[in-house]
Amino acid sequence: MPVISANTQRRHEGYFRREWSYAVDRSRNIADGAVFILPVCIDDTAETEALVPEKFRALHISRVPVASRA
């Protein structure tokens, strides 16, 4: 479950990017239509602006409601 956020946007390098790459590689061995990668955005980062692998863009990126900050 790749987590997309303003934090991942700021980090152009990080171990999580390697994990994302491994997930894309592994997905090549998994049947089409099988749920394996489920990207989740935890803030208001735009899907079109997200710095993610192209494979993630082909999937539905779920959104977690942003908690109000009081």
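This short report looks at a helix, the salt bridges and a surface patch in a predicted model.

Let's start with helix α2, which covers residues 15-27. How far apart should its ends be? At 1.5 Å a residue, its 13 residues should span 18 Å, and the end C-alpha atoms are 19 Å apart, which agrees.

The buried residues of α2 are F16, R17, W20, A23, V24 and S27. They cover an arc of only 115 degrees around the axis, so they sit on the same side of α2. Their cover includes β1, α1 (6-10) and α3 (54-57).

## Three salt bridges

Searching the whole structure turns up three salt bridges. In one of them, R28 pairs with D25, with the closest N and O atoms 2.5 Å apart. R28 counts as exposed because its relative accessibility is 60%, whereas D25, at 38%, counts as partly exposed.

Next, the side chains of E47 and R63 meet at 3.9 Å, N to O. E47 lies in the loop between β2 (40-41) and α3, and R63 in strand β3, so this pair ties together parts that are 16 residues apart in sequence. E47 is partly exposed, at 36% relative accessible area, and R63 is partly exposed too, at 39%.

R57 and E54 also form a salt bridge, at 3.9 Å from N to O. Both lie in helix α3, three residues apart, or about one turn of the helix. In an α-helix there are 3.6 residues a turn, so residues three or four places apart point the same way.

## A nonpolar patch on the surface

Finally, M1, V35 and L38 make a nonpolar surface patch of about 350 Å². M1 belongs to the segment before β1 (3-4), and its relative accessibility of 68% means that M1 counts as exposed.

Note on methods: Residues are numbered from 1 along each chain as its sequence is written. This is a predicted model: local features need pLDDT of at least 70, side-chain atom pairs count only at pLDDT 80 or more; totals for chains, interfaces and linings use all residues. Side-chain values use heavy atoms; hydrogens and water are left out. Patches are made of residues with over 30% relative accessible area and no salt bridge: like charges are joined within 9 Å, nonpolar side chains (Val, Leu, Ile, Met, Phe, Trp, Tyr) within 5 Å. Accessible areas come from the Shrake-Rupley method with a 1.4 Å probe; for residues, only the protein chains shown count as cover. A salt bridge is a side-chain nitrogen of Lys or Arg within 4 Å of a carboxyl oxygen of Asp or Glu. Helices (H or I, at least four residues) and strands (E, at least two) are DSSP runs, numbered from the N terminus. Buried means under 20% relative accessible area, exposed over 50%, partly exposed in between (1.4 Å probe, protein chains only). The expected span of a helix is 1.5 Å times one less than its number of residues. The arc is that of the directions from the helix axis to the C-beta atoms. Contact means heavy atoms within 4.5 Å.
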